[in-house]
Amino acid sequence: MTITKPMAGFDLDRSRSDYTRISQRRLVRTLVVPFVTLMLICAIIAFFQPRFISLRALTAVATDAAPLLMLVIGSAVVILIGGIDLSVATMASFSAVLFVIISPVAGDAGILLALGLAASIGYVQGVIHHRAQIPSFVVSFGTLGILYGTAHYITQATAAPLGPSVIIPFLGTKTAGIPHGLIVTVICAIALSLTLRFTRLGRDLFAVGCSERAALVAGVKVGRVKAIAFALSSFFAAGAGLMFLSQTGYSSPAMANNYLLPAIVGVVVGGNAISGGVGGIGCVLIGGLIAVMVRLGTVMLGLNPAFQNILFGIMVLVSVALTIDREKIGIIK
């Protein structure tokens with residue numbers, strides 16, 4: 001048996017101690033702090049609105065949370081590789097509009113078409129971002145404009161009612177008080193979490209987010225990983241759009257546009273570093289719930305709706321300031 005001796009000057013015990021300290025700090029930053037923040041927000045709402053702690057109110061919160069959580073977990077995949085997808089909310093609106101248009105012909109098969117087209121558009125975004133070396137926020141911002149304009153053109157900027165469908169109305173109902181949309185969101189979150197934890201794709205996503213050059217040298221197909229990340233983001237965004245449709249019964253070109261900022265807030269407040277490589281679906285769900293509670297809390301406390309965006313803006317700035325890896329980015333422009 002060959003025993004490998006440590007390099008001269010290498011202190012193994014100190015390295016283990018440093019690793020433990022870094023892991024503990026990361027755990028506090030990504031789980032403990034967001035969870036305490038969530039509990040604090042809930043406590044404030046319950047103090048001023050005691051009816052918040054009731055089964056009926058909590059069911060309403062869960063129903064409202066499902067589409068936003070779906071947007072958040074999809075957005076987290078792109079942020080995990082160090083990018084950002086600004087088109088998720090518009091993709092949700094576009095997918096809802098698309099399903100309403102094709103459902104009279106395709107029925108519930110239109111769900112697969114909407115999800116498949118969204119994933120394909122996302123994949124193309126990732127390819128353009130990698131091949132043309134265009135920053136992800138520019139590519140996704142351009143996609144946002146294309147989707148927004150297309151949805152307005154094909155609908156003539158009007159709302160349209162949900163057509164014949166069995167699955168979409170089912171998403172908007174409950175079983176034993178639990179919204180079906182929330183069940184679907186949790187299943188998707190578990191599947192994505194297992195993918196990140198136990199598959200090569202998951203490891204590659206973290207590797208690209210930590211250091212794209214190192215990942216490339218290690219044999220990771222960076223371009224394919226980026227394309228898949230954007231495809232997953234768009235896929236989940238389309239799922240969120242169908243959930244919005246199940247709740248409203250109508251589609252419109254701008255039905256989910258107000259959810260872009262909360263989606264990004266959910267990711268970064270949950271402890272995911274905007275510079276990539278750090279995060280997970282568990283902390284993303286906590287961050288998403290914080291965004292949900294801020295939205296609902298301002299309404300339940302009777303505050304001006306403008307406070308939502310003010311709070312979201314402050315939360316983004318603080319969270320990014322605390323989690324960004326400045327050494328990786330080098331020069332901040």
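Helices here are DSSP runs of H or I with at least four residues, and strands are runs of E with at least two, numbered from the N terminus. The model is predicted, so local features need pLDDT of at least 70 and side-chain atom pairs pLDDT 80 or more, while totals for chains, interfaces and linings use all residues. Residues are numbered from 1 along each chain as its sequence is written, and side-chain values use heavy atoms, without hydrogens or water.

Start with the nonpolar patch on the surface. Among its residues are Leu40, Ile44, Phe47, Phe307 and Ile314, and the patch has about 1200 Å² of accessible area together. Patch residues have over 30% relative accessible area and no salt bridge, and nonpolar side chains are joined within 5 Å. A salt bridge is a Lys or Arg side-chain nitrogen within 4 Å of an Asp or Glu carboxyl oxygen. Areas come from the Shrake-Rupley method with a 1.4 Å probe. Helix α13 (306-323) supplies the largest share, 6 residues.

Ile44 sits in helix α1. Its relative accessible area is 40%, so Ile44 is partly exposed, that is, between buried (under 20%) and exposed (over 50%).

Now the second largest pocket, with a volume of about 460 Å³. Its lining has 22 residues, and Thr37, Ile41, Val269, Val294 and Met315 lie nearest the centre. Lining residues have an atom within 4 Å of a point on a 1 Å grid, and a pocket is an open set of points with protein on both sides within 12 Å along at least five of seven lines. Helix α1 gives the most to this lining, 7 residues.

Conventions: Patch = residues over 30% accessible without salt bridge, like charges linked within 9 Å, V, L, I, M, F, W, Y side chains within 5 Å. Buried < 20%, exposed > 50% of the residue type's maximum accessible area, 1.4 Å probe, protein only. 1 Å grid on protein atoms, 1.4 Å probe; cavity = no way out; pocket = protein on both sides within 12 Å on 5 of 7 lines; lining within 4 Å. Points joined across faces, edges and corners; volume = space filled by probe spheres on them.
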